[in-house]
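Here are my notes on this one, point by point. Have the viewer open while you read.

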Amino acid sequence: MSATAAKPRPKIDPINRGFWENARAGILSVQTCDNCSDVHFPGSPVCPRCLSGDQSWTPVSGRGTLLSWVRFHRAYWDGFRAELPYLVCLVGLEEGPLLISNILETHPEKLVIGSPVEAVFETVDEELTLPKFRMRG
């Protein structure tokens, strides 16, 4: 095992490119149907409500509610071994969609389901910035 094992990276494609470009600029976004205004995540080639292919990546507030979280004690990918244990969360955005990410909290005992959270951004390199969450207020 390499001490510098790589973490898996998202595959950036034409469907999700807008999300990752916005994240690189420090903006959280979700896909919005230009036809029926459905707001959804993750992105898809057609709207899940009306099947329109006309969709845009719309900036959102980045605020949400902590719906669930877990502390990983096992590295399923070697690239995460040095970060053990790490926290993963499920967030319900104010705008509706759900996102899975990491929550940045040094005291997990303070994590309470239903607590307000907000997006923050971690720059990995010049190509990739990851949205993560922290407790709000």
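1. Start with Phe19 and Trp20: phenylalanine 19 is buried, and tryptophan 20 is buried too. Their ring centres sit 4.9 Å apart with the planes at 85 degrees, so this pair counts as edge-to-face. Keep in mind that we're looking at a predicted model here.

2. Next, the pair formed by phenylalanine 41 and tryptophan 57. This one is edge-to-face as well, with 6.3 Å from centre to centre and 75 degrees between the planes. Phenylalanine 41 belongs to the loop between strand S2 (39-40) and strand S3 (55-59), while tryptophan 57 is part of strand S3, so the pair ties together parts 16 residues apart in sequence.

3. Are the two partners buried or partly exposed? Phenylalanine 41 has 26% relative accessibility, which makes it partly exposed. Tryptophan 57 comes out at 18%. The cut-off for buried is under 20%, so tryptophan 57 counts as buried.

4. How many aromatic pairs does a search of the whole structure find? The answer is eight. Besides the pairs above, have a look at the stretch with Phe72, Tyr76, Trp77, Phe80 and Tyr86: ring pairs link these residues into a cluster. If you want to go through the pairs yourself, the description of an aromatic pair rests on the distance of the centres and the angle of the planes.

5. On to the fold. There is one helix, and there are eight strands. Along the sequence the order reads α-β-β-β-β-β-β-β-β. The radius of gyration is 16 Å, close to the 14 Å from the globule rule for 137 residues, so the protein is as compact as a globular protein of that length. Taken along the principal axes, the box filled by the C-alpha atoms is roughly 45 × 35 × 25 Å.

6. Among contacts with a separation of 6 or more, 50% are between residues 24 or more positions apart. Of the 137 residues, 35% are buried.

7. The accessible surface is about 8200 Å², and carbon and sulfur atoms account for 53% of that.

Notes. Residues are numbered from 1 along each chain as its sequence is written. This is a predicted model: local features need pLDDT of at least 70, side-chain atom pairs count only at pLDDT 80 or more; totals for chains, interfaces and linings use all residues. Side-chain values use heavy atoms; hydrogens and water are left out. Helices (H or I, at least four residues) and strands (E, at least two) are DSSP runs, numbered from the N terminus. The radius of gyration is taken over C-alpha atoms; the globule rule is 2.2 Å times the number of residues to the power 0.38. Buried means under 20% relative accessible area, exposed over 50%, partly exposed in between (1.4 Å probe, protein chains only). Contact means heavy atoms within 4.5 Å. Accessible areas come from the Shrake-Rupley method with a 1.4 Å probe; for residues, only the protein chains shown count as cover. Rings of Phe, Tyr and Trp (its six-membered ring) pair if their centres lie within 6.5 Å; planes under 30 degrees apart count as stacked, over 60 as edge-to-face and the rest as tilted.
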